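Could you walk me through this structure, step by step? I am new to it and would like a plain guide in a few paragraphs.

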Amino acid sequence: MEEALLPLIVRTIQGQIALGIDTSLCYCIGSGENCRFLSRLNADYRFFGAVIALAYPHFITQCHATQRDVFVEKYLTALCRP
């Protein structure tokens, strides 16, 4: 399935980059398989300077609600980079 979708994914990212977005960082929602796939893709195509993984909001609210402040801090730190 991944191989069948790869050309579409690459074209879609290239199209978004062509809009003039900043490619120094890419935020990946999902720190597991999503991040592994996007990191491999980035290693092959060098779309972004770095891929930053962030936990799924659902994972935070449903599975780690007691640690929500820790995850919010991680999001803020990642998104407020200079």
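Helices here are DSSP runs of H or I with at least four residues, strands are runs of E with at least two, and both are numbered from the N terminus. The model is a predicted one, where local features need pLDDT of at least 70, side-chain atom pairs count only at pLDDT 80 or more, and totals for chains, interfaces and linings use all residues. Residues are numbered from 1 along each chain as its sequence is written, and side-chain values use heavy atoms, with hydrogens and water left out.

Let us step back to the whole chain. The protein chain has 4 helices and 2 strands, and read from the N terminus the order is α-β-α-β-α-α. Its C-alpha trace spans about 40 × 35 × 20 Å along the principal axes. For accessibility, buried means under 20% relative accessible area, exposed means over 50%, and partly exposed lies in between (1.4 Å probe, protein chains only). Of the 82 residues of the protein chain, 23% count as buried. A contact means heavy atoms within 4.5 Å. Among contacts in the protein chain with a separation of 6 or more, 61% join residues 24 or more positions apart.

Now back to N42. This residue counts as buried because its relative accessibility is 11%. Neighbours within four places in sequence aside, N42 is in contact with F47, F48 and V51.

Two of those partners lead us to the aromatic rings. Rings of Phe, Tyr and Trp (its six-membered ring) pair if their centres lie within 6.5 Å; planes under 30 degrees apart count as stacked, over 60 as edge-to-face and the rest as tilted. By this rule there are 2 aromatic pairs. Y45 and F47 form a stacked one, with 5.3 Å centre to centre and 5 degrees between the planes. Y45 is partly exposed, at a relative accessible area of 38%, whereas F47 is buried, at 9%. Ring pairs link Y45, F47 and F48 into a cluster.

R46 also deserves a look. R46 lies in the loop between α2 and β2 (50-54). Although R46 is not a glycine, it has a positive phi of about 50 degrees. With 70% relative accessibility, R46 counts as exposed.

A salt bridge is a side-chain nitrogen of Lys or Arg within 4 Å of a carboxyl oxygen of Asp or Glu. The structure holds 1 salt bridge, in which the side chains of E33 and R36 meet at 3.2 Å, N to O. Both residues lie in helix α2, 3 residues apart, about one turn of the helix. E33 is partly exposed at 45% relative accessible area, and R36 is partly exposed at 47%.

Finally, where is the largest pocket lined? A pocket is an open set of points on a 1 Å grid over the protein atoms alone, where a 1.4 Å probe fits, with protein on both sides within 12 Å along at least five of seven lines; lining residues have an atom within 4 Å of a point. The largest pocket is lined by 14 residues, and I13, Q16, C26, L38 and F48 lie nearest its centre. The elements giving two or more residues to this lining are α1 (2-18), β1 (25-29) and α2 (33-45).
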